[in-house]
Each structure stands twice: as C-alpha cells, then as structure tokens.
Amino acid sequence: MSLTVSYCTDALADLVACTGSLYGQRHTARFFFDAEPRELRWVLRATDRSVEVTIYEFADVAVSPGLPDSDGTVRWRSVHPRPVFAHAVLDAAQQVLAEHGEAGYRSKWVLHPFPAGPVQDLRRLHLRDDACELPHDLSRP
Ligand SMILES: [Zn+2]
C-alpha cells in the first residue's frame with residue numbers, strides 16, 4: 001500500500017510516539033495523516049502481545065478529526081505481534097535518519113525535526129519488554 005502524505009502533520013513522530021504509548025497503560029492510540037483533502041487516521045490497538053493497526057479514510061480532513069472511527073472507511077487492517085511491529089517502526093525511523101540525516105529530515109519535513117527523543121523512548125521500551133533478538137543499531141539517536 002502506498003499513500004501520499006503531506007507534511008502538515010509530523011507523521012513519523014506520531015507513529016513512533018503512539019507505538020511507544022502502547023507499552024504503558026494506554027491500549028489505543030490514534031494519530032492522523034493529513035492527505036488533503038482526506039484524513040488517514042491510524043488507530044493502534046494493543047491486545048495482549050499484539051498490535052492491531054487500522055487505517056481509516058475520511059473524505060474531508062477539515063471536519064473528520066472530530067468524527068468517530070466508524071464513520072471512516074477501513075483502508076488497511078493488520079495484526080502484528082508487538083515486538084515485530086515496534087521493531088519495524090524503529091527500523092523505519094532509522095532508515096529515514098540514515099537516508100536523510102537530521103538536517104535533511106528537517107529540510108524535507110520543513111516544520112519538524114527528526115523525533116530523536118520518541119525514537120529513543122520506543123527503543124528503550126522495546127528492548128526492555130519485547131525480548132527481540134533482531135539486531136538494533138544503538139549508535140544512532
Ligand atoms: Zn527489535
């Protein structure tokens with residue numbers, strides 16, 4: 001699935017921070033991509049050891065952020081073991097950083113710096129709780 005997303009929301013930071021929030025008391029996290037004129041709303045639901053990812057599409061982002069999920073159209077739904085999902089999110093963030101660097105990221109995403117803090121938090125939680133045996137690049141933020 002490939003969806004074009006505009007730079008009005010800090011999508012990578014939201015994805016990383018929402019994934020990290022699933023390690024606490026929170027079991028559902030939402031954020032949206034502003035894909036003008038549409039809204040693409042990501043809903044992450046933690047169930048036991050898995051994360052269900054649903055992407056809802058709404059026709060008009062000018063009004064949809066106040067609407068319930070059920071008013072949107074499901075564009076994507078998948079369930080992943082939490083360690084696998086968190087690892088993939090971290091990997092994606094590292095790839096973006098490796099490709100663009102912090103300065104390049106800021107110039108590409110204009111309004112937002114690379115989310116180094118949320119990435120560090122997520123990696124700490126992932127390493128602490130997920131018993132992941134895949135390699136992790138600890139030399140980067
Ligand atoms: Zn991992």
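Is Ser64 buried or exposed? Ser64 has a relative accessible area of 2%, and because buried means under 20%, Ser64 counts as buried. Keep in mind that this is a predicted model. Ser64 has its place in the loop between β3 and β4 (73-81). Leaving out residues up to four places away in sequence, Ser64 touches Glu39, Arg41 and Phe58.

**The sheet**

Let's turn to the strands. The model has an open sheet of 4 strands in the order β1-β2-β3-β4, paired in antiparallel fashion. β1 and β4 stand at the edges with a single partner strand each, so one side of each has no neighbour in the sheet. From one strand to the next, the twist averages 15 degrees.

| Strand pair | Bridges | Residues opposite each other |
|---|---|---|
| β1 (residues 28-35) and β2 | 8 bridges | Arg30 and Val43 |
| β2 and β3 (residues 50-58) | 9 bridges | Ala46 and Val51 |
| β3 and β4 | 8 bridges | Val51 and His80 |

How do the strands connect? β1 and β2 form a hairpin with 2 residues between them. The hairpin of β2 and β3 also has 2 residues between the strands, and there Asp48 takes a positive phi near 60 degrees. Strand β2 (residues 38-47) is mostly covered, with 7 of its 10 residues buried.

**Helices on the sheet**

Now look at how the helices lie against the strands. α1 lies across β1 and β2 and runs at about 170 degrees to β1. α2 lies across β2, β3 and β4, and runs at about 110 degrees to β4.

Helices also pack against each other. Helix α1 (residues 11-21) and helix α3 (residues 116-129) pack at an angle of about 30 degrees, and their axes are 9 Å apart. Their crossing is left-handed. On the α1 side, the residues that take part are Val16, Ala17, Thr19 and Gly20, and they meet Pro118, Val119, Leu122 and Leu125 in α3. Sorted by type, the residues of this contact are 6 nonpolar, 2 polar and no charged.

**The nonpolar core**

In soluble globular proteins, nonpolar side chains tend to be buried together. Here, the largest nonpolar core has 31 residues. Those with the most contacts inside this core are Val16, Phe31, Trp42, Leu44, Phe85, Phe114 and Leu122. Each of α1, β1, β2, β3, α2 (82-109) and α3 supplies at least two residues of the core. Which element gives the most to this core? That is α2, with 8 residues.

Setting aside neighbours within four places in sequence, Leu122 is in contact with Val16, Thr19, Gly20, Tyr23, Ala86, Val89 and Leu90.

Finally, take Ala131, which lies in the segment after α3. Why does Ala131 count as exposed? Its relative accessibility is 67%, and exposed means over 50%. Ala131 and Pro83 are 48 residues apart in sequence, and their C-alpha atoms are 7.6 Å apart in space. So we end with two contrasting residues: Ser64 is buried, whereas Ala131 is exposed.

Note on methods:
Residues numbered from 1 in each chain as written. Predicted model: local features only at pLDDT ≥ 70, side-chain atom pairs only at ≥ 80, totals over all residues. Heavy atoms only, no water. Axes fitted to C-alpha atoms, helices over the stretch in contact; angles between N-to-C directions. Left-handed = near helix turned anticlockwise from the far one by under 90°. Contact = heavy atoms within 4.5 Å. Nonpolar A, V, L, I, M, F, W, Y, C, P; charged D, E, K, R; others polar. Buried < 20%, exposed > 50% of the residue type's maximum accessible area, 1.4 Å probe, protein only. Pairing = 2+ DSSP bridges. Core = buried A, V, L, I, M, F, W, Y, C linked by side-chain atoms within 4.5 Å.
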